[in-house]
Amino acid sequence: MARGATFAALRHRNYRIWALAGFVSVIGTWMQVLGVNWYVLKETGSATSMGFAVLLQAAPTLLLSVWGGVLADRLPARPLLIAAQGAHAMLAAGLAAVALTGVGGLPLIFAISLASGAVSAIEGPVMGRWAASLVDRETLGNALALGSLTNSAGRILGMSLGAVVVAAVGPALLFGINAASFAAVVVALFAVRPGAVPGLGAPNAGRARGGVRAGFAYLRGQPVLLLALALSFVLGSLGRNYQVTMAAMSDGPLDAGASGYGLLSTVFAVGTVVGALVAARRRSLGYRTLVVAGLLASGLQIVAGLAPGAWSFAAVILPIAAAAVVIDTTVGTRAQLDTDAAMRGRVLAALAVTGSVSAAVGAPLLGWLAEHAGPRQTLVLAGSAAAIATAVAGVALDRQRGRVATLALVVPRPRHPVRRAAFRAARIVRPTGAVCVIVPAEAGAVRSGGVRLRELATAGPVANR
């Protein structure tokens, strides 16, 4: 993918169809989120009850995503996704019925929210594998970045339109719109032509052995990926829960009130759009990009804690939001490209669980610190800890890269005569200063001793690892 090709993934017909359907669905989803929050707040007058509804939608990710990953690795994605869209549509219609008739009230709203979270948790890894099969390897990072752009733009539009609709006619129409939006995804699932491009491919039932335990066992043997997930957790818990810290700063040192909080939330949303565009323009998204973006976000978080007023705080919030999207996109790209095809769904599930746990741990932690130490001190302390963690992870990743290169030079010689001849030829013609690195099986060129190898000159970065 050429540098600057911001919309390179859109050259694939399948991805264009999927991106349009996803945009429609995201708008409906955020309309429903606003509708649920409004309904609960109106019925109870309690922000705590509203937060409980949000928690019910997020909690199933911790328990069910891993099983969704197993399904993603074992079964064809299309029928699973069609079933998930149908379930989402029925649940949204159920919310509309409750809002119109009042039958069931809050208990039924909470039950439907929990069920919606369960469907989303199982659907997530399946959706990740499916989306990756619509583009080639070179444009996967661009496709993920454009997906972030779609989500950010859909969120802004969905919340904006939803606020107008709920004020005019109430939340029932929002739920009805969301129910209808899933039809766009079903149409796209039928319109997409599988295998149109040489993407990462569908799951292979013959290779996808084992279940959840096999996924954990695989992750234990992937130190580079574990480091990326650990860094994602730290940055997510300490540096990404800005809904908490922005509210604390607005209500406290900035003295900006509700209007200031709304302004900061809008600026943050714009920053996510900017970050998606930045990620889409990147030629490659490797671990170096992850570390640089992490250091940038952490450093700016410290600066945010020292900002004197709302406008200066907003000016720092925007690049922080952009860096957050770059971090997410980079981790998602490496999770797709640097894992074995038979385990990719379970790795994506681990990534989803990491995001959910970081939010569940970080939000109350930052809230407690803001209450007892002060919002400014919380930002400075959390930013400093995130910066240190990022620097440590950067050193560890660099050491792992060197270890991988060393291991590749001492792999056993192949027993098959043809492969043994190719192995010897590779050693003879290997240019001075070149190294052999272990790469995912799909990207390798010569198979030897159970791993695949590729020659890379040390003058350049080692496969972004």
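1. Leaving aside residues up to four places away in sequence, Val 66 touches Val 212, Phe 216, Arg 346 and Ala 349; a contact here means heavy atoms within 4.5 Å. Val 66 sits in helix α3, residues 60-74. Helices are DSSP runs of H or I with at least four residues, strands are runs of E with at least two, and both are numbered from the N terminus.

2. Is Val 66 buried or exposed? Val 66 counts as buried because its relative accessibility is 18%; buried means under 20% relative accessible area, exposed over 50%, and partly exposed in between, with a 1.4 Å probe and protein chains only. From Val 66 to Leu 348 the C-alpha distance is 8.7 Å, although the two are 282 residues apart in sequence.

3. A word on the basis of these notes: this is a predicted model, in which local features need pLDDT of at least 70, side-chain atom pairs count only at pLDDT 80 or more, and totals for chains, interfaces and linings use all residues. Residues are numbered from 1 along each chain as its sequence is written, and side-chain values use heavy atoms, with hydrogens and water left out.

4. Helix α14 covers residues 344-372. Its 29 residues should span 42 Å at 1.5 Å a residue, and its end C-alpha atoms are 42 Å apart, so the two agree; the expected span is 1.5 Å times one less than the number of residues. After α14 comes Gly 374, with a positive phi near 110 degrees.

5. On the surface, Phe 7, Leu 10 and Leu 277 make a nonpolar patch with about 240 Å² of accessible area together. Areas come from the Shrake-Rupley method with a 1.4 Å probe, and for residues only the protein chains shown count as cover. Leu 277 belongs to helix α11, residues 257-281, and is partly exposed at 32% relative accessible area.

6. For the chain overall, there are 16 helices and 3 strands, and buried residues make up 47% of the 465 residues. Among contacts between residues at least 6 apart in sequence, 83% join residues at least 24 apart.

7. Please keep confidence in mind: the mean pLDDT (the predictor's confidence in each residue, from 0 to 100) is 79, and 81% of residues reach 70 or more. Where pLDDT is low, predicted coordinates should not be read in detail.

Key:
Patches are made of residues with over 30% relative accessible area and no salt bridge: like charges are joined within 9 Å, nonpolar side chains (Val, Leu, Ile, Met, Phe, Trp, Tyr) within 5 Å. A salt bridge is a side-chain nitrogen of Lys or Arg within 4 Å of a carboxyl oxygen of Asp or Glu.
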